[in-house]
Amino acid sequence: ISHSAEKGVFELLPIPELFQAVHSIGHTDLELDIDSKFRRIFLYAGLNEARWPSLALAALFMNRDIIQLPGDHNKMLSAVVHNSWIRDNYVMIPFIGVPGHFKTFSYSDVLEGKVSADELVDKTIFIGATAKGLGSRYSTPLRLHNVMSGTEIQATIFEAIRRHNTIREMSLPVKLSLSFIL
């Protein structure tokens, strides 16, 4: 999202040449809980309408690896305010490993041919900064090594959705029942 005096609030999309050349685009908006940890993602988001898939979901659509979309709908969509960021269809993400769990390559090593093409064939590749001090980093609920790069979080989201391994929150009646029983 961007803002200018002339246009007000608007979505800042890639340049037209890039926008037309790509299969799809996705948002990287991550929801942080009250303790500032990442546990959930809204699979769709956008200005005034939740139309853009998350980056991980866009990659799954590109690979045709998704049949049924997981997640719960945002109950607040009826109260949409003009020029607001809208999120919908959220899931909680289980973490399948500590930071460094996914195989990574240096971008320059790939460009210089130091990485075998066989290691890249039939893989979904997320490109981004993973080094400490570069790029985005988020706290996760993992006990040890609880900070992950945004790139690795996108890979985690991708794997969770691809493997149908997302978490849904319990409904309020179930939460209340369990609390009463305990």
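1. Leu178 lies in helix 5, which spans residues 172-181; helices here are DSSP runs of H or I with at least four residues and strands are runs of E with at least two, numbered from the N terminus. Leu178 is partly exposed, at a relative accessible area of 38%, where buried means under 20%, exposed over 50% and partly exposed in between (1.4 Å probe, protein chains only).

2. Together with Met170, Val174, Phe180 and Ile181, Leu178 makes a nonpolar surface patch of about 550 Å². Patch residues have over 30% relative accessible area and no salt bridge, with nonpolar side chains (Val, Leu, Ile, Met, Phe, Trp, Tyr) joined within 5 Å and like charges within 9 Å; a salt bridge is a side-chain nitrogen of Lys or Arg within 4 Å of a carboxyl oxygen of Asp or Glu. Areas come from the Shrake-Rupley method with a 1.4 Å probe, and for residues only the protein chains shown count as cover.

3. The model is predicted, so local features need pLDDT of at least 70 and side-chain atom pairs pLDDT 80 or more, whereas totals for chains, interfaces and linings use all residues. Residues are numbered from 1 along each chain as its sequence is written, and side-chain values use heavy atoms, without hydrogens and water.

4. Glu159, in helix 4 (residues 150-162), is buried, with a relative accessible area of 11%. Beyond its neighbours within four places in sequence, Glu159 is in contact (heavy atoms within 4.5 Å) with Ile96 and Phe102.

5. Overall, the protein has five helices and eight strands, and 31% of its 182 residues count as buried.
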